Amino acid sequence: MTSRPLEAGIHTSMQRGESYGDYLRLDRVLAAQEPRSTAHDEMLFIIQHQTSELWMKLMIHELDFAVSLVKEDRLSESFKVLARVAHVQRTLFDQWGVLETMTPSEYMRFRDALGRSSGFQSYQYRAIEFALGNKDSAMLAPHALDVQVHADLERRLAAPSIYDEFLAFLARKGHAIPTECLTRDFSKPYRANPAVTDVFKSIYDAPEANWEAYDMCEKLVDIEERFQLWRFRHMTTVKRIIGFAPGTGGSSGVGFLKQALEVSFFPELWDVRTRLVPGASAASRRNEA
């Protein structure tokens, strides 16, 4: 077969608003790339970051839904949602490979066109961090001029993260989560509590008896691990293109990005791994028997 004729039933004549392009508003999407220089590679840079923002929009959409499910004690239903978040994270990670095809000299041909703009100013990235628990009111400052965005981020700053909601779920199920973890000021950074690590140890020591909570623990670890890999890939890509030069947004560049790798969203889920001992799960099963 050298050609594929159109089938008789395929729609080729449509009213305005009925087409694929109309539904996806491609007129807006494909007109949103406006390079500020004549450099060939600026288009790559713009599309890389615009598509990342679209994937982040979906990630926020799914994380918000997952949080609502956890609040309603529908933990198992959140697992499919978090699985979709994981696929979005993989896509965001892999996208860096496209940007890495741009050499330092190619980037320098249009870097001045960026002015003071920087990925640090991405309000969707900040919304994701707030949803995962990395709270810092200072991060609202870059968005002071956009009243709507600032108000949304302020609301997200004060709201419980997905980790806060999971701890509240565990408390409702009878686990000994400290009161100070449940009634704290959610706009402040979460601080690890040894008593929470104790709770997670009891869950990991007896996964069969706590399967739903156990599965959620691992899904949260998956999310944090992929987020850290994304951060690391970002840092490495920046280092590959500009070395240790300052960022366009005024940061130290690679040094500033490296600091983010030390921030943990769910600290006790990492701490508990150090406390697990061989045979604990088997012993727990024997005791239950």
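**Helix packing and charge pairs**

Modeller: Start with handedness: helices α10 and α11 cross in a left-handed sense. Keep in mind that this is a predicted model.

Biologist: At what angle do the axes of α10 and α11 cross, and within what distance do they come?

Modeller: The crossing angle is roughly 110 degrees, and the two axes come within 9 Å. Angles of 65 to 115 degrees count as roughly perpendicular, and α10 and α11 are therefore roughly perpendicular to each other.

Biologist: Which residues make the contact?

Modeller: On the α10 side they are Phe200, Ile203 and Tyr204, and on the α11 side Ala213, Tyr214, Cys217 and Glu218. Sorted by class, the contact of α10 with α11 has six nonpolar residues, one charged residue and no polar ones.

Biologist: Glu218 carries a charge. How should I read charged side chains in general?

Modeller: Side chains of opposite charge can pair when their charged atoms come close. In this model, Glu218 forms a salt bridge with Arg273, at 2.6 Å from N to O. This pair links distant parts of the chain, since Glu218 is in helix α11 (residues 211-242) and Arg273 is in helix α13 (residues 267-275), 55 residues apart.

Biologist: Are Glu218 and Arg273 buried or partly exposed?

Modeller: Glu218 is partly exposed, with a relative accessible area of 27%. Arg273 is also partly exposed, at 31%.

Biologist: How many salt bridges are there?

Modeller: The count comes to 16 salt bridges. One of them joins Asp73 and Arg172, with an N to O distance of 2.7 Å. Asp73 sits in the loop between α3 (42-71) and α4 (75-99) while Arg172 belongs to helix α8 (residues 162-172), so the pair ties together parts that are 99 residues apart in sequence. Relative accessibility is 30% for Asp73, which is partly exposed, and 43% for Arg172, likewise partly exposed.

Biologist: What about Asp27 and its partner?

Modeller: Asp27 forms a salt bridge with Arg25, and their closest N and O atoms are 3.2 Å apart. Arg25 counts as partly exposed, at 35% relative accessibility.

Biologist: Now burial. Which residues of α13 are buried, and what do they pack against?

Modeller: Buried means under 20% relative accessible area. In α13 the buried residues are Pro267, Glu268, Leu269 and Val272. They pack against α8, α10 (194-205) and α11.

Biologist: Where is Thr197, and what does it touch?

Modeller: Thr197 is in helix α10. With a relative accessible area of 6%, Thr197 is buried. Leaving out residues up to four places away in sequence, Thr197 touches Glu268, Asp271, Val272 and Arg275. Of these, Glu268 and Val272 are among the buried residues of α13.

Biologist: How many residues of helix α6 are buried?

Modeller: Helix α6 (residues 123-132) is mostly covered, with nine of its 10 residues buried. Among them are the charged residues Arg126 and Glu129, as well as Tyr125, Ile128 and Phe130. The buried residues of α6 pack against α3, α7 (147-158), α8 and α11.

Technical notes: Residues numbered from 1 in each chain as written. Predicted model: local features only at pLDDT ≥ 70, side-chain atom pairs only at ≥ 80, totals over all residues. Heavy atoms only, no water. Salt bridge = Lys/Arg side-chain N within 4 Å of Asp/Glu carboxyl O. Buried < 20%, exposed > 50% of the residue type's maximum accessible area, 1.4 Å probe, protein only. Helix = DSSP H or I, 4+ residues; strand = E, 2+ residues; numbered from the N terminus. Contact = heavy atoms within 4.5 Å. Axes fitted to C-alpha atoms, helices over the stretch in contact; angles between N-to-C directions. Parallel < 35°, antiparallel > 145°, perpendicular 65-115°, else oblique. Left-handed = near helix turned anticlockwise from the far one by under 90°.
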